[in-house]
Amino acid sequence: LLGVVRELCHQGNTVVVVEHERTLIDGADHLIEVGPAAGHLGGEIVYDGSPQKAKDQPSRQRQLAKLSANDRPGPMLKLKGVKTNNLKNIDVQIPTGCLTVVCGVSGSGKTSLVEHTLYPMVAKAKGKEVTSTADTGYQAASLTPKKLVDQIADIELVSQAPLGRSTRSNIATFLGVMDHIRKLLASLPDAKHLGLKPGAFSFNTPGGRCETCRGLGTVVEDLSFLGEMEVRCPDCEGRRFNDAVLSVKYREKNLNDLLQMTVAEGREHFHDQAPIAKVLGIVVNMGLGYVTLGQHTSSFSGGEAQRLKLASILLTGSNDYNSMLIFDEPSTGLSDRDVDNLVRQLKLLCDRGHTVVVVEHHLDLIAAADWLVEIGPEAADAGGELVYEGPVVGLKGVKASRTAPFLFQ
């Protein structure tokens, strides 16, 4: 990819790339870093100059914590005779209770192995309906031992599919925080004086919301031949609720003010409200502290949606709930600092007894694996073979590996 971009420049083009991948960053002629953090903590030019000189900047240093791998992986699930798509009759082991990363070049067969074979086989064994994103036409001889498969309580494919198209869904509603906020506001003296119940602080039901926009803050106007356009509600001016509801304030902030807060700001504002602070803290740890509480989930990117799903799992999971969780390239669109946060959360899931399987390219996430599986060595017909399986350190001497030269450079 870098070679293609360089060729565009040689042809006289000006190329501007938004990127996290270090190979592309280091291969640039000029580097601009925006930060230092996300949301209201960002928006500044941190660095503007040569990529080579930028390597000495603190912000350019590797952020990933040196998390020790599990030296003694759990009992092994054995997937035998896999021929799905381009896979060449391979046998693969997946340890339970650990973080397994499946790597390899694009098109090598990683998704065929994990999402199109392992996932539907375990789901079928658990009597669970396979989602439409997974191919049910897998080809594999067996998944054993049966006793170990039976011990898996549930399996979930945590994809980058949108959380939903509802314009009424946001982080606060998706993670259940909105229920606590409504009850908190309804318990305040001003709310009791006005006779406002928790339902009045909902934009999903009549009573406290603006009925012109039905709590959305915007309305759609038909501009005839110009089509439809979303504009600010003329009655509430985007505030979503009526004056009575907005007169109730918690620490000088009404409900509309609270929904405009970022998750990080919300965690500080509700620091003494444990049910709210706990949820928002997990979202911050996912690197999503910059998202506002009222932002529609339909507007989230695939990576943001996947991390919110992970936050939901962490909130509902328990120490003895043995599930298999499959992630497809969760590092997409993440900076090194965000990947650091992600690895910590994936390790936390393993500590709780879950089995985590990740299809991934990011070198830092690969390095943090308890167990590594590489499929390849190349793509399509030149791939589909088991190049390596075992602890990460063992990949170093594998000549057929396309990952090792970059991982151990």
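Entry 1. I'm working from a predicted model here. I started at Arg239, which is partly exposed at a relative accessible area of 34%. Its partner is Asp243: the two side chains meet in a salt bridge, 3.0 Å from N to O. Asp243 counts as exposed, because its relative accessible area is 55% and the cut-off for exposed is over 50%.

Entry 2. How many salt bridges are there by this rule? I get eleven. I looked up a couple of others besides the Arg239 pair.

Entry 3. Next was Arg6 with Asp29, a salt bridge at 3.0 Å, N to O. This pair links distant parts of the chain, with Arg6 in helix α1 and Asp29 in the loop between α2 and β1 (31-35), 23 residues apart. Are the two ends buried or exposed? Arg6 comes out partly exposed at 24% relative accessibility, while Asp29 is exposed at 57%.

Entry 4. Then I checked Lys128, which forms a salt bridge with Asp154; their closest N and O atoms are 3.3 Å apart. Lys128 sits in the loop between α4 (110-125) and β6 (142-144) and Asp154 in strand β7 (residues 154-158), so this bridge ties together parts 26 residues apart in sequence. Both ends are partly exposed: I noted a relative accessible area of 29% for Lys128 and 22% relative accessibility for Asp154.

Entry 5. Off the charges for a moment. Which residues make the nonpolar surface patch of about 300 Å²? I found Val4, Leu8, Val15 and Val17. I followed up on Val15, which is in the loop between α1 (2-10) and α2 (22-26). Val15 has a relative accessible area of 30%, so I logged it as partly exposed.

Entry 6. Now the whole chain. I count 16 helices and 13 strands. The C-alpha trace spans about 70 × 60 × 50 Å along its principal axes. Of the 409 residues, 46% count as buried.

Entry 7. Taking contacts with a separation of 6 or more, 61% are between residues 24 or more positions apart.

Entry 8. Last, surface and charge. The accessible surface of the chain comes to about 20,300 Å², and carbon and sulfur atoms hold 50% of that.

Conventions:
Residues numbered from 1 in each chain as written. Predicted model: local features only at pLDDT ≥ 70, side-chain atom pairs only at ≥ 80, totals over all residues. Heavy atoms only, no water. Patch = residues over 30% accessible without salt bridge, like charges linked within 9 Å, V, L, I, M, F, W, Y side chains within 5 Å. Areas by Shrake-Rupley, 256 points an atom, 1.4 Å probe, with all protein chains shown as cover. Salt bridge = Lys/Arg side-chain N within 4 Å of Asp/Glu carboxyl O. Helix = DSSP H or I, 4+ residues; strand = E, 2+ residues; numbered from the N terminus. Buried < 20%, exposed > 50% of the residue type's maximum accessible area, 1.4 Å probe, protein only. Contact = heavy atoms within 4.5 Å.
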